[in-house]
Amino acid sequence: MYTTSSLFFHTLAQVGITHAFVNWGSDHPALLEDLQRQRADHGNTAVEIVTCPNEMAALSAAQAFTQVTNTPAAVIVHVDVGTQALAGAVHNASRGRVPILVFAGASPSTMEGELKGSRNEWIHWMQDVPDQPAIVRQYMRFTAQINAPENIPHLVRRALQIATSEPKGPVYLWARREVLEKEIDESLFNSTASLYKWPSIEPSALSPSAVNVIGDALAQAINPLIITSYIGRNPAAVGALEMLSRLMAIPVFVTCPSATNVSLSHPFFVGVSFLAPGTHTPLLSTADVILVIDAEVPWIPINKDNRGNSERPSDDARIFVIDSGDPLKESIGMEHVAGVAELVSRANAEVALFQLLNSGSTGSATGYYTRSRNIQAIHDAFIADMRNAEAVMSEPNVPYLPSRIFGALRTAVENKLYLNETISNYPLSWAHLHPDTPLGMLSSGGSSLGWALGGVNAGKGAGKVGYELVVSVVGDGTFLFGAPSSAFWMARRYETPFLTIVLNNGGWKSPKLSMLGIHPEGHGSKVTGNQLTVGFGPDMPDYVGIAVAATGGWAWGKRVAAGDSLWETMTEAVRIVVEERRCAIVECVLESI
């Protein structure tokens, strides 16, 4: 017997979805029944099911899986409460432009046995809300209700067509329990549902006039500058970016990255900033031409450096904005860059960069040789400063500096994928851990904390693309926000071991930094994090103990405080994961907030 649920799973498999990260509920009897039918008939299921005891962990895992494999994943949750429990992961998937198909059941609409699946539990009244998809609609690229089995192939393919077209993002489908239980004819189940006739929108290009204007401006510039944040989501675009930078001696500066946008060894890569005052490149204010390409926030207009100089472009600078899907940032209430740009284009970064490379402008860059030497010197100093910081020894009884910890981690193993959620240490971690390969380090692309521990459970996806080790680096409370007991249970259940580095600064530093940005000498500036209620003390959580308990003793962990052996601990942690195939967690105690 086949049901709507049978057709739903069959369609997911046909359109290329291989994994569903699920949290089951009372709306899913037909789904659970059909999965067991599949196991009885075929020995396995059409889509691999990953059980997730926490919905945010489920969506975070699906997001990271999609980011790594470039293959959309599915998430299945339970009515309105499961939709709500997706929590901030919905924000992350939307802001990170990650195509994921989210499906939720809904309470039955019948109550007297009119249809199979009618209400037979008290919660069916509690969970019947007026507009379930409204919970997530503003974050979704598409929402739709499945009212009948006949249009499932169409709805799923339309949803994925939209999800995988720029600006990419999550989509939400839902169905009532009676619909999922409805029996269907075998001919409907056996119908073909491929994406062949439902393609994503083709990557768009710059207009010919835009190519000429931008190409000529870069060629004639005395002090050009490229700023990006997430061009590395498309690895092919990284190569094109580096080629243009080399050919025209244009420095590349990265702001608020969520992907590996440029190789660390690239001679014209000049730094990373998360836009705290005084951290932008000095090249910004002197640049006469600025290419902002796939950038989240390239500068903050109000910021000033330590000398009181504004960290923003000069009024005479020519600014060009290129974004693959949303150059005007239409989903953001207020945005500033498009308001000072000479030209704004919606164009695929890879396509646009190759257009510029083929425009004939790259061979006539003004001041190429002098500029290339100067930029190379800035790059070399950037690298030297980092390596020197990694070698700094702490005073006795003083905790290790983050740069020292990152240096030990960076050199402990090669061929690793970092999931970075270090928050207040983002600027240091994105510099010191910066890999030389595209997709070597990822962040959520959003600002809701708790993504990394769920995301690291996409380890099977990472293994498919050749990573030997997956490392989550977390700080500022993100370990606790990431539902660690669920995350580590998932790793044990599905044998996807990973290494976790906890940067324990005693609490949640970012709100304190935000306060100091507005009230640098106020009452709050004079007290500890605990007094300010952003601390986790005086008795800190046992981070290692949480991981060990959640895995039934399978995980290994160690706490590294002042004077403890850092390098040896990192090396042993890596060995535990790579050789013994167990989770390892290293808690690194930092100076407390």
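Modeller: Strands here are DSSP E runs of at least two residues, helices are H or I runs of at least four, and both are numbered from the N terminus; two strands pair if DSSP finds at least two bridges between them. Before I go on, this is a predicted model, where local features need pLDDT of at least 70 and side-chain atom pairs count only at pLDDT 80 or more, while totals for chains, interfaces and linings use all residues. Residues are numbered from 1 along each chain as its sequence is written, and side-chain values use heavy atoms, with hydrogens and water left out.

Strand β2 (residues 19–22) runs parallel to β3 over four bridges, and His19 stands opposite Glu48 in β3.

Now the rings. Searching the whole structure gives eleven aromatic pairs, counting Phe, Tyr and Trp (its six-membered ring) with centres within 6.5 Å; planes under 30 degrees apart are stacked, over 60 edge-to-face and the rest tilted. Phe8 and Phe9 are a tilted pair, because their centres are 5.9 Å apart and their planes lie at 55 degrees. Both of these residues are buried (under 20% relative accessible area; exposed is over 50%, partly exposed in between, with a 1.4 Å probe and protein chains only).

Phe479 and Tyr543 make an edge-to-face pair, with 5.2 Å centre to centre and 85 degrees between the planes. Phe479 belongs to helix α19 (residues 478–481) and Tyr543 to helix α22 (residues 543–550), so this contact ties together parts that are 64 residues apart in sequence. Phe479 is buried at 2% relative accessible area, and Tyr543 is buried at 4%. Ring pairs also link these two with Phe488 and Phe498 into a cluster.

Arg119 sits over Trp125, 5.1 Å from the ring centre, and Arg493 over Tyr494, 4.6 Å from the ring centre.

As for cysteines, the whole structure has zero disulfides, meaning pairs of cysteine sulfur atoms within 2.5 Å. For Cys52, the nearest cysteine sulfur is that of Cys583, 14 Å away. Cys52 is buried at 1% relative accessibility, whereas Cys256 is partly exposed at 21%.

Key: A charge sits over a ring if NZ of Lys or CZ of Arg is within 6 Å of the ring centre and within 35 degrees of the ring normal.
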